[in-house]
Amino acid sequence: MRSPIPVNVRSETRARRDRQQDPRLAVNLSRSSKANVFTFSPGTLLCNRYLLFAFSSARSATEIRNYYEGGRGLHAPDRETALALGIATSERMLGICRGRRKFLAASLTLLCIPAITWLYLFAGSFEDGKPVSLSPLESQPHSPRYTASSQRERESLEVRVREVEEENRALRRQLSLAQGHAPAHRRGNHSKTYSMEEGTGDSENLRAGIVAGNSSECGQQPVVEKCETIHVAIVCAGYNASRDVVTLVKSVLFHRRNPLHFHLIADSIAEQILATLFQTWMVPAVRVDFYNADELKSEVSWIPNKHYSGIYGLMKLVLTKTLPPNLERVIVLDTDITFATDIAELWAVFHKFKGQQVLGLVENQSDWYLGNLWKNHRPWPALGRGYNTGVILLLLDKLRKMKWEQMWRLTAERELMGMLSTSLADQDIFNAVIKQNPFLVHKLPCFWNVQLSDHTRSEQCYRDVSDLKVIHWNSPKKLRVKNKHVEFFRNLYLTFLEYDGNLLRRELFGCPSEADVNSENLQKQLSELDEDDLCYEFRRERFTVHRTHLYFLHYEYEPASDHTDVTLVAQLSMDRLQMLEAICKHWEGPISLALYLSDAEAQQFLRYAQGSEVLMSRHNVAYHIVYKEGQFYPVNLLRNVAMKHVGTPYMFLSDIDFLPMYGLYEYLRKSVIQLDLANTKKAMIVPAFETLRYRLSFPKSKAELLSMLDMGTLFTFRYHVWTKGHAPTNFAKWRTATTPYRVEWEADFEPYVVVRRDCPEYDRRFVGFGWNKVAHIMELDAQVRRQKLREVQGHGNSPELSPLQHGCALHGAALLVGVIPHFIHSLSHSIIHLGIHPT
């Protein structure tokens with residue numbers, strides 16, 4: 001058994017040096033209000049540097065005893081060091097003793113001090129009421145050291161330690177309440193997302209720090225339940241705004257750890273675009289509801305507004321009336337917002353609202369409402385600099401009780417008598433209401449809405465704050481705003497602009513998603529496939545849901561009154577962008593294109609289109625982005641997307657590397673009437689030709705085309721490669737024909753045709769190159785044969801297909817125009833295929 005007193009006692013100097021080198025000598029003290037006792041919270045180091053220093057400087061046993069009485073809780077590994085210091089002190093006392101009485105007193109001291117030392121060390125070696133063992137022998141209850149008196153004293157000290165710990169806990173609770181950081185109510189073992197209004201915003205690190213730190217709960221911030229749904233409202237109208245919403249949603253999804261419910265107040269255009277996008281995006285734990293913005297126009301149309309957002313810029317005012325009555329709170333965002341943190345942190349700020357505060361807003365970061373930007377500038381009334389409404393926290397339930405509708409309407413009516421119109425849309429009216437009722441606002445820190453307008457003073461915000469959370473491009477110039485730090489903010493925005501949205505389909509583990517019938521059916525279909533099948537990847541491709549963004553650019557189309565309009569339909573990838581300008585020059589009618597691009601390539605296309613005078617001058621071209629996913633090129637899926645969103649009665653099914661003959665669009669419209677496509681099942685074939693030359697003097701008539709065929713400048717399409725593909729067109733007959741003629745379908749026939757909009761879709765099981773058009777033409781012919789069979793039985797007239805006499809297209813140059821059911825009318829106009837594929 002170890003001796004309670006070491007044989008070789010270290011000198012005081014050496015002991016002090018050892019203490020200085022020992023890294024365990026760290027202290028975390030909290031003073032009790034009722035007892036002069038130092039206690040230690042569980043989880044902190046139990047080594048008190050103050051006590052060790054006191055031992056080294058003590059001059060008598062009484063001083064040592066006093067220091068012991070002043071502090072219990074010395075860490076167990078340092079007991080022997082402290083004991084050695086006590087013995088060294090005793091030896092110093094022996095050296096100054098003179099006479100028997102002093103010698104006797106010193107001897108008694110020598111015997112008593114170790115006993116006192118061990119007694120107090122035992123008393124301080126408890127954590128949570130349990131003794132910390134010094135050695136294996138000391139932990140045994142039947143050790144001789146456990147005398148009856150020592151046991152009783154130890155138990156009494158243990159009771160006292162527990163009392164002091166309870167006092168400290170009560171003190172901590174009082175401090176936390178006094179500082180407004182009361183600990184959140186814990187519900188079982190459910191994890192929570194801790195969110196901070198200030199700081200780094202790293203909620204995951206914050207959670208780790210709280211769990212790993214001591215038991216004090218003073219530093220905990222308001223929390224958002226892990227599976228609590230966060231509600232976000234956005235007003236969106238038009239094609240460009242829909243594109244901006246996608247970037248905003250990407251930035252939110254990138255950081256989020258909670259289920260999201262988007263409430264989109266949208267016009268019919270934005271609803272069509274975003275509904276398709278979210279449906280094909282299939283992001284777990286995300287719900288989207290739409291509210292018809294056109295029905296809300298009457299609520300705000302009486303307010304004159306000069307802002308570029310138009311009437312839709314006023315619709316935030318009617319959210320209390322528009323959103324569901326059971327929705328209590330919502331975050332309202334502009335479309336030109338980019339998040340740089342988890343939106344749950346902003347949602348947690350609702351817990352900080354007090355009294356009658358119902359609006360959470362960031363102060364305006366320009367001098368607009370101060371009225372000193374230019375001479376005669378007269379802004380709406382505002383409180384100081386006013387508040388920016390790009391980010392709003394709305395307590396909807398309280399706003400409804402305050403009769404918000406009546407409040408803002410009366411204020412707007414009164415101010416419009418002098419101001420005549422709003423300059424900043426809803427923001428002017430919000431600020432006028434706040435001017436009269438300042439108690440409504442909970443002021444948010446500036447980093448929740450860093451505003452990059454032309455006259456911004458936001459630098460004063462991000463100069464002092466290292467953690468910017470929301471970037472707001474609140475200038476009509478958007479990314480072209482003048483700001484010396486704009487490159488930093490632009491790069492942050494471009495990160496999400498070009499981010500692969502497919503990566504955001506990740507599950508929120510631990511949060512059950514609402515049942516999605518489409519998703520469940522998809523999973524069932526995939527589970528039925530045999531992964532050992534050599535064609536597994538091909539079979540799986542037809543079940544792949546590709547994220548789709550319709551009408552990526554502005555689109556305008558006015559239907560023709562004679563119902564003969566024809567839309568050119570095609571699909572392409574990034575390497576065919578250079579064909580767009582040429583096609584727009586050759587085809588003046590509407591065009592529907594499906595582009596297979598990644599998120600980054602979609603932005604390259606956007607820049608290319610916006611930099612092209614030809615493309616920007618054409619508003620009747622619909623660009624539909626189908627985002628890349630998987631290893632195959634889904635050619636027929638792309639064709640179906642382009643066909644599905646045709647707005648004319650007829651479609652010209654072409655390929656992107658064919659150029660139509662000049663005037664083909666008008667010729668087809670006349671042929672529609674001539675062949676009575678509206679009342680018969682016919683398809684018009686556009687004869688197809690090709691050239692192997694990079695440059696070609698495009699033929700302006702059938703006579704020029706025939707001359708180029710005779711000279712070898714042009715060839716019938718794929719004549720040397722795949723004769724069967726276009727042989728049934730009967731080019732020999734086409735050369736001399738002056739009127740459309742009927743063509744019989746044959747196997748492997750794949751002409752380019754004009755059909756009604758209600759024709760069958762392409763079979764999307766075909767991917768990549770080959771047989772995709774063949775299968776579609778076969779399906780058209782099969783439908784015609786069924787129709788003909790019914791007609792033979794006396795249910796109608798015979799259907800026909802006819803090539804056009806003068807219609808052609810070039811793959812590198814020319815196409816046939818015809819009519820499809822069992823017979824095809826071949827037309828004289830053509831298309832030409834550019835046989836040398838540009839890179």
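Trainee: Which residues is Leu359 in contact with, leaving aside neighbours within four places in sequence?

Mentor: In this predicted model, Leu359 is in contact with Phe353, Ile392, Leu393, Leu394, Leu399, Phe430, Ile434, Leu440, Val441 and His442.

Trainee: And in the largest nonpolar core, which residues touch the most other members?

Mentor: Leu359 again, with Phe339 and Trp408. That core has 98 residues.

Trainee: Which helix gives the largest share of this core?

Mentor: Helix H8, residues 239-255. Seven residues of the core come from H8.

Trainee: What does the second, separate core include?

Mentor: Leu615, Met684, Trp734 and Trp745 are among its 86 residues.

Trainee: Switching topic. How many disulfides does the structure hold?

Mentor: Two. Cys227 pairs with Cys511, sulfurs 2.2 Å apart. Cys446 is joined to Cys461, S to S 2.0 Å.

Trainee: Where do Cys227 and Cys511 sit?

Mentor: In distant parts of the chain, 284 residues apart. Cys227 is in the loop between strands E6 (223-225) and E7 (230-236). Cys511 is in the loop between H17 and helix H18 (517-527).

Trainee: Is Cys511 buried or exposed?

Mentor: Buried, at 7% relative accessibility. Cys227 is partly exposed, at 35%.

Trainee: What about the link of Cys446 and Cys461: left-handed or right-handed?

Mentor: Right-handed, with 85° about the S-S bond. The Cys227 and Cys511 link is left-handed, at -95°.

Trainee: Which parts does the Cys446 and Cys461 pair tie together?

Mentor: Cys446 lies in the loop between strand E14 (441-444) and E15, and Cys461 in helix H16 (459-462), so the pair ties parts 15 residues apart in sequence. Cys446 is partly exposed, at 25%. Cys461 is buried, at 6%.

Trainee: What's the pairing if you number the bonded cysteines in sequence order?

Mentor: It is 1-4, 2-3.

Trainee: Now the three-strand sheet. What is its order?

Mentor: E11-E16-E15, an open sheet with mixed pairing. E11 (337-339) and E15 (450-451) are the edge strands. Each has a single partner strand, so one side of each lacks a neighbour in the sheet.

Trainee: How many bridges join E11 to E16?

Mentor: Three, and the two strands run antiparallel. Thr338 stands opposite Ile471 of E16.

Trainee: Which helix packs on the sheet?

Mentor: H17, residues 486-497. H17 touches E11, E15 and E16, and its direction makes about 80° with that of E11.

Definitions and conventions:
Residues are numbered from 1 along each chain as its sequence is written. This is a predicted model: local features need pLDDT of at least 70, side-chain atom pairs count only at pLDDT 80 or more; totals for chains, interfaces and linings use all residues. Side-chain values use heavy atoms; hydrogens and water are left out. Two strands pair if DSSP finds at least two bridges between them. Helices (H or I, at least four residues) and strands (E, at least two) are DSSP runs, numbered from the N terminus. Contact means heavy atoms within 4.5 Å. Axes are lines fitted to C-alpha atoms, for helices over the stretch in contact, and angles run from 0 to 180 degrees between N-to-C directions. A nonpolar core is a set of buried Ala, Val, Leu, Ile, Met, Phe, Trp, Tyr and Cys residues joined through side-chain atoms within 4.5 Å. Buried means under 20% relative accessible area, exposed over 50%, partly exposed in between (1.4 Å probe, protein chains only). A disulfide is a pair of cysteine sulfur atoms within 2.5 Å.
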